[in-house]
Amino acid sequence: MDERMTMGFPRPGRALIGVMVAITCIWVMFAVGLNFGDVSNAVLAPFVGDVDKVLHGQVWRLLTAPLIHDPRNPWHLLTTLMGLYFLGTPLEQRWGAKRTLLFLVGSAAFAYAVQVAATVLVPRVGQAGFYGGLGMVEAVAIAWALAYRNATVRLFFVLPVSGTMLLVFVVAMSVLNLISLRAPPEGLITPFGGMLAGWLFGELSPLRRLLVRLRFRQLQGKSDTLRRMRTSSPRSRSGPPLRVLPGGQKSNPKDKRWLN
């Protein structure tokens, strides 16, 4: 399908607006407190991802870390917001608010879970703390690229980008960062976790196809069982068996007295 999308000013729905507003408010709150107040950097510690603490049960960090952005680097915040705004809006229009919100939360947590697992296996790719929405944005980018492979969108209102071009660009940049060990605040492996989440949970999700096949086989099995039951059992009759009723009764002379 040769699909061309003209995106001037996208109109995000409730899910994207809520996520973007929440991320912006959290960034403003910490930025003002840290840059203009007497707040210590330690206030961010309970929300930032930490491999050791996550492994010791503080799994909520997988959900809070995507909401935290560098309070001294507005570009870190803006890249997340623009990625959600330009690429997440078509997905929300296609999926609806509920599924979009579940996808954003699930993919962000999954991406950081992959970062934690990779750090345990290969400590060289780990880092002390990780935070930011890059994993979530990577998942959105991959999901959009797979759903709109032949579409063209003017990213940032200027750059015409097709789904295939975006897919190649996202993968190439993540590979180059890994080779050069240039880790973003989110970590070296988090982008790959986000890309994997976008493929697993997106429009062409192999998990969804597997569930649909399992459900189809289940329904097909029930249909075959009912068909065998109908062919093997005798045809049931509704109501009591048929009987031959007598045509009439002998009349009683006493009952005909009124005729006389």
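Predicted model: local features only at pLDDT ≥ 70, side-chain atom pairs only at ≥ 80, totals over all residues.

Me: What makes the largest pocket a pocket, and what is its volume?

Reply: A pocket is an open set of points with protein on both sides within 12 Å along at least five of seven lines. Two or more lining residues come from each of α4 (74-95), α6 (134-147), β2 (159-162) and α7 (163-180).

Me: Which classes of residue make up the lining of the largest pocket?

Reply: There are 20 nonpolar, nine polar and three charged residues.

Me: How do you know that a space is a cavity, and how many are counted here?

Reply: In a cavity a 1.4 Å probe fits but cannot get out. With a cut-off of 30 Å³ or more, the count is one cavity. The largest cavity holds about 40 Å³ of space, so it passes that cut-off.

Me: Which residues line the largest cavity?

Reply: Its lining is Leu-16, Gly-88, Leu-91, Thr-100, Phe-103, Leu-104 and Val-140. Both α4 and α5 (97-121) supply at least two residues. The most come from α5, with three. By class, five are nonpolar, two are polar and none is charged.

Me: What makes α6 and α8 a packed pair?

Reply: Helix α8 covers residues 190-201. The axes of α6 and α8 lie 7 Å apart, at an angle of about 40°. Their crossing is right-handed. Contact means heavy atoms within 4.5 Å. On the α6 side, the contact is made by Leu-134, Gly-135, Glu-138, Ala-139, Ile-142, Ala-143 and Leu-146. On the α8 side, Thr-190, Pro-191, Gly-194, Met-195, Ala-197, Gly-198 and Trp-199 take part. The classes are nine nonpolar, four polar and one charged. Glu counts as charged, so Glu-138 is that charged residue.

Me: Why is Leu-181 called partly exposed?

Reply: Its relative accessible area is 40%. Buried means under 20%, and exposed means over 50%. The value for Leu-181 lies in between, so it is partly exposed. Leu-181 sits in the loop between α7 and α8.

Notes. Residues numbered from 1 in each chain as written. Heavy atoms only, no water. Helix = DSSP H or I, 4+ residues; strand = E, 2+ residues; numbered from the N terminus. 1 Å grid on protein atoms, 1.4 Å probe; cavity = no way out; pocket = protein on both sides within 12 Å on 5 of 7 lines; lining within 4 Å. Axes fitted to C-alpha atoms, helices over the stretch in contact; angles between N-to-C directions. Left-handed = near helix turned anticlockwise from the far one by under 90°. Buried < 20%, exposed > 50% of the residue type's maximum accessible area, 1.4 Å probe, protein only.
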